[in-house]
Amino acid sequence: MTSATDLVRDEWLWGWDPTPGIVSVYASQDGRASVWRRLAETDALVREEERFRPWLLVAHLRDLALLGARLAPDDAPRHRNDPLVRHRELSGSGALRHFVSARDGRRLVAALLDGASRRLQTPLRHLSQLQRLEPGTVLALPPEEQYLVATGRTYFQDLAFDQVHRLQFDLETTGLDARRDRIFMVSIRYHTGETAVLEARDDGDAGEADLIRTLVARVGDADPDVIENHNLHGFDLPFLDRRARILGVPISLGRAGGPGLRMRAARHGVSESDRPDWSDPGSRQRRVRFVAPGRELIDTLDAVRRYDFSTRELPGHGLKAVAKHLGIARAGRVYIPGSEIYTTYRAEPDRVRRYATDDVEEVAALSRMLGGAAYALARMVPRRYERLADAGPATGVIDPLLVRAYLRAGAALPAHEQGDGTPHSGAALHLFASGAAHRVVKADVASLYPSLMRVYRIGPARDRLGVLLALVDRLVERRLLAKANARTAAPGSAEQHTEEATSAALKIVVNSAYGYMAAGGLTRFADVHAANEVTRRGREVLALMCRELAARGVTLIEADTDGVYFAVPENWTEADERRVVGEVAMLLPRLVQLEFEGRYAAMLSHEPKNYALLGYDGTLLLRGVAFRSSRAEPFGEAFLRRAIRRALLGDTAGVREIYLATIDALRNRTLPTHDVSSLVRLTKSPEAYQTARATRRELPYEALLAAGREQWESGDRIRVYRKRNGEAGLVSGLVAPGDDMGAAADPRDYDAEFYVRLLRTTYAERLARAFGPEDFATLFADADQYPLFAYPLESIHTVLAPTGASLTNWDESLEPAQGG
DNA sequence: TCAATCCGGGG
DNA sequence: GTGTACGGATTGA
């Protein structure tokens, strides 16, 4: 049965106006809003011009009192002369308790600033000045958000992701510097799936200007709802804007507003142009993103970051790497290193045309796969779709939901408040044992913090309507529904993508509810006490899990926040492992679900958050800074992987064999130079290094100079090594990222003894915890220093040593809860 | 060696 | 008018 309370809570999550198909909103302070809707049945686009009453929340009315009779209560009888400003007092104790509105928001703000200027006896021309002088006394949203909050509308209702018209375009340029380099090609992909390649007819101003004009015309003709690209806001739009300004080409990518690209302040934006900000001289460069009224500008890089935030599986965030990883790269996809694109174009234009087309097609596929998260959020949150695409979950998603809910309830909102100085306490991290463990199990609690908030009803003290907890409850339920829907939807269908994306988006929001409370004075309802109560309960639960697992005969290894690694006795089966996890799960509070996350043949526990896991299928997983570094010499990394595997398999003789073989390979120079080299990124230009060289010499640059290479760019990556004579060596010149050159002319003149020492001191050292000190010394003794009295290697076994961390000296205790 | 700081991406 | 990541690599003391 659906109660009235349930309906209210649904409004908190979804808004209350069912208007379908909104694909873009553009509003201005004068109270006019343009709403573009895509009709699902006919695919037609309609534009509706609306009027709304711009509004503000203020802490007091004294600055508006000067208006006299032109300030009137909302419920005052209407006369022919509408008062300039209407006001309504909101209920409750929040500081922002006066809702004020006017036909024209500019006059509302002007009246407020006029009053404040007189009261403070200082001229104020902008709301931000008042907000700086008196923080927390005014809440002013961008016009579109005022409109969406007031109407209860949201984007994309009853419209599937694939019904939105999306266009992708990608610039190919002669370089990365828009002051100097040019656009020579643009690839476009239309909503229909058709693609086009536009090219400059010559390499002068006229050709480039024409190319820009053609791009703008094509966008206007196709009239998409959404424009997409990878790093659109970080590269393509700023580059396009700059080139158009330099060439004097007026451009507009929107459906409304005048010529030129508009900007908005944005944290993840690019620094505004290099000219000084004359409107506010003392300020540092603000960061901006471009806006095209009537269209949503979506950067797939944002979607990738959001996705990787929860999965943490992407090798990088570049388009090519992500497309490959997600399996959407075309077979035979053309790859050209960025710095070679223009030169390749001069020699093989067709290859670059194909490359640019591959780019837009990958962006379209990527957006379809990952873009649904922001799309799903836009159906709930009263903000523009493009704002939700790059919004942080706390202030970007949760806060607007809270603001809308409070206003809907007619309740006053609290202002941001600094904490009372109570420090924030974090999660528990314990290393119980280090060394080599066998039969290892990982158990963890899914979404621990939101679950604790729900179980113990921990919400911000100032959230007297209980909106945050209600939202978390609703979002968790909605997420479970989305997951179920995704399972039953046709594989690959738009519905499945959308449901999966919804689930992913909701997970992010749910998990950030805790972060919202813990965010100091940065969020409106921040509550460090509530946040600390969540982490305290979390530490309790972790302690309980550890104690109860240990009581069932396992050996604890490491516990971190919401999960624990432990080893089980030799005779246990997987069923036994699952049984103890299940038993302990029953002891935890309702909604706190302990899950069997994985099982491993063995684990090398090195330091907290630094370990190696050997799967039953033979895969070796290395975690933590001690085990992975991009600068690590390939021979050392290879040694480490092989030696850890042998050690975890109990093959001690094999460990020594690998060690000795590696030393031999170094001394006999059977290892290519590449394997002893280190990959470094250059940060100094040739000029900068020449000036710094007098005071301090650096190996990478010396390697370049010694190799006769005088030209390089900051950001280039090279492989360097140490030569026999102590000089710096360079491996096969400049290396593009992710690209290891083959062994062309390999002199193999590296300092073998230096690398033998490195093997012992930095690489073998990572295995020290797995053996007793004497055994370790024996195992990694040099061949000629091998002790005569040495015992057989077969008698050396790996060890797992307790670190001394124990459950009894934990300051928290929790009795097992009843039921599960 | 450790702790602040920067970076991620685009041609 | 923004938005509080995070883990690795680099830089500075």
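1. In this predicted model, Arg-669 is placed in the loop that joins helix H20 (652–667) to helix H21 (673–676). Arg-669 is not a glycine, yet its phi is positive, at about 60°. The relative accessible area of Arg-669 is 19%; because buried means under 20%, Arg-669 counts as buried.

2. Gln-121 sits in the loop between helix H2 (105–120) and helix H3 (127–133). Its phi is near 50°, again a positive value in a residue other than glycine. Gln-121 has a relative accessible area of 74%; since exposed means over 50%, Gln-121 is classed as exposed. Thus Arg-669 is buried, whereas Gln-121 is exposed.

3. A positive phi also follows helix H23. This helix spans residues 699–706 and is mostly covered, with six of its eight residues buried. The buried residues are Pro-700, Tyr-701, Glu-702, Ala-703, Leu-704 and Leu-705. After H23 comes Gly-708, with a positive phi near 80°.

4. The next point concerns a pair of helices. Helix H5 (residues 205–222) and helix H6 (residues 232–247) have axes that come within 10 Å and cross at roughly 125°. H5 and H6 are therefore oblique to each other. The crossing in which H5 passes H6 is left-handed.

5. DNA strand B is surrounded by 19 residues, of which the closest are Glu-172, Thr-173, Asn-231, His-317 and Leu-319. By type, the residues of this surface comprise six nonpolar, nine polar and four charged. Of the atoms of DNA strand B within 4 Å of the protein, 64% belong to sugar or phosphate, and the rest belong to bases.

6. In His-317, a backbone N or O atom lies 2.9 Å from a phosphate oxygen of DNA strand B. For Asp-359, an N or O atom in the side chain is 3.5 Å from a phosphate oxygen of DNA strand B. The elements that give two or more residues to the surface near the strand are strand S9 (166–173) and helix H8 (319–325). The largest share of that surface, four residues, comes from S9.

How values were computed:
Residues are numbered from 1 along each chain as its sequence is written. Chains are lettered from A and ligands numbered from 1 in the order in which they are written. This is a predicted model: local features need pLDDT of at least 70, side-chain atom pairs count only at pLDDT 80 or more; totals for chains, interfaces and linings use all residues. Side-chain values use heavy atoms; hydrogens and water are left out. Buried means under 20% relative accessible area, exposed over 50%, partly exposed in between (1.4 Å probe, protein chains only). A residue is near a molecule or strand if one of its heavy atoms lies within 4 Å of it. A polar contact is a pair of N or O atoms within 3.5 Å; within protein, one must be able to donate a hydrogen and the other to accept it, and residues adjacent in sequence count only if both atoms are side-chain atoms. Ala, Val, Leu, Ile, Met, Phe, Trp, Tyr, Cys and Pro count as nonpolar, Asp, Glu, Lys and Arg as charged, and the others, Gly among them, as polar. Axes are lines fitted to C-alpha atoms, for helices over the stretch in contact, and angles run from 0 to 180 degrees between N-to-C directions. Angles under 35 degrees count as roughly parallel, over 145 as roughly antiparallel, 65 to 115 as roughly perpendicular and the rest as oblique. A crossing is left-handed if the near helix is turned anticlockwise from the far one by less than a right angle, and right-handed if clockwise.
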